[in-house]
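Hi,

Here is the structure I promised to pass on. Have a look at it first, and my notes come after.

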Amino acid sequence: MSTTASHRPERSSWGRRAVRVLLAVLVVLTLVVVGFLVWAKTVMQGERPASLEAWTDERVSIESFDDSIVMTPVDDASDRGLVFIPGAKVDPYAYMAKLVDAVAETGTTVVITKPILNLAFFDQRPLETFTRHAPEASEWYVGGHSLGGVRACMMAADEEVAGVVFFGSYCANDLSGSGLAVLSISGSDDGLSTPDKIEGAAHLLPADATFVEIAGANHGSFGDYGVQPGDGVATASDREVRDEITRALAEFWGE
């Protein structure tokens with residue numbers, strides 16, 4: 001009896017230590033999760049003047065939904081649509097001004113997604129989540145900026161789409177035998193998706209992919225959200241980049 005009783009304090013002490021360790025682990029995990037959520041929710045905000053310019057453009061109708069922003073040409077809309085995925089932690093509204101001319105001039109409906117946690121890789125929703133907002137479009141392309149383009153390339157391998165459009169981005173999976181139409185628009189001064197990285201991933205695209213490099217554009221030139229850490233210095237103006245994007249898309253789509 002005395003031997004059994006002598007072990008009880010030791011067992012009780014072990015149990016208390018186990019509880020303290022478990023609580024400490026839970027606290028650390030909670031802090032990590034909360035820290036990650038705060039980091040993910042802190043986006044690079046779109047610049048207000050550029051967004052207002054797009055919102056007030058009478059050539060284009062813009063609607064905002066919980067999952068996306070839909071930009072529709074007011075006149076001469078085609079049956080073509082583009083689902084565009086933002087770069088990591090970039091405000092989706094930051095891309096409207098760069099795309100508004102292309103919408104109006106090519107008749108293409110553009111759906112800019114609002115990725116879950118502002119990170120494209122966490123957004124596994126199917127393409128239909130976004131295309132349903134534009135039922136009049138029947139021919140769909142997917143595209144995106146930076147990591148959004150990488151995600152778009154993955155979607156193109158699984159979804160029925162006509163092609164892929166990259167803004168300062170490239171493929172991480174092989175589409176070389178897909179037969180898809182591909183347009184890659186990059187910047188000569190991009191410090192993140194550098195010209196060397198674009199060239200190094202070119203073999204993953206179909207042989208007839210179209211490559212357009214905008215002189216003086218950096219990574220942030222493809223949106224309107226300010227300076228991005230690690231990027232090069234842009235010497236091309238926002239207007240020049242916007243015109244070059246519009247021209248490249250118009251030629252790609254034969255408009």
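Below is what turned up, starting with how the numbers were made.

This is a predicted model, so local features need pLDDT of at least 70 and side-chain atom pairs count only at pLDDT 80 or more, while totals for chains, interfaces and linings use all residues. Residues are numbered from 1 along each chain as its sequence is written, and side-chain values use heavy atoms, with hydrogens and water left out.

Cavities first. Searching the whole structure gives two cavities of 30 Å³ or more. A cavity here is a set of points, on a 1 Å grid over the protein atoms alone, where a 1.4 Å probe fits but cannot get out, and lining residues have an atom within 4 Å of a point. Points are joined across faces, edges and corners, and volume is the space filled by probe spheres set on them.

The largest cavity holds about 60 Å³. Around it sit I85, T113, P115, A120, D123, R125, F130, R151 and M155. That lining splits into five nonpolar, one polar and three charged residues (nonpolar: Ala, Val, Leu, Ile, Met, Phe, Trp, Tyr, Cys and Pro; charged: Asp, Glu, Lys and Arg; polar: the others, Gly among them).

The second largest cavity comes to about 40 Å³, and its lining includes F166, Y170, C171 and F211. Here the count is eight nonpolar, two polar and no charged.

Next, a helix pair. The axes of α3 (residues 96–106) and α7 (residues 238–252) come within 9 Å and cross at roughly 35°. Helices are DSSP runs of H or I with at least four residues, strands are runs of E with at least two, and both are numbered from the N terminus. Axes are lines fitted to C-alpha atoms, for helices over the stretch in contact, with angles from 0 to 180 degrees between N-to-C directions. Overall, the contact has eight nonpolar, two polar and seven charged residues.

D76 is not a glycine, yet has a positive phi, near 55°; D76 is in the loop between β2 (68–73) and β3 (80–85). S146, also not a glycine, has a positive phi of about 55° and lies in the loop between β5 (139–145) and α5 (147–158).

Which of them is buried or exposed? D76 counts as exposed because its relative accessibility is 75%, and S146 counts as buried because its value is 15% (buried is under 20% relative accessible area, exposed over 50%, partly exposed in between, with a 1.4 Å probe and protein chains only).

Cheers

Technical notes. On a 1 Å grid over the protein atoms alone, a cavity is a set of points where a 1.4 Å probe fits but cannot get out, and a pocket is an open set with protein on both sides within 12 Å along at least five of seven lines; lining residues have an atom within 4 Å of a point.
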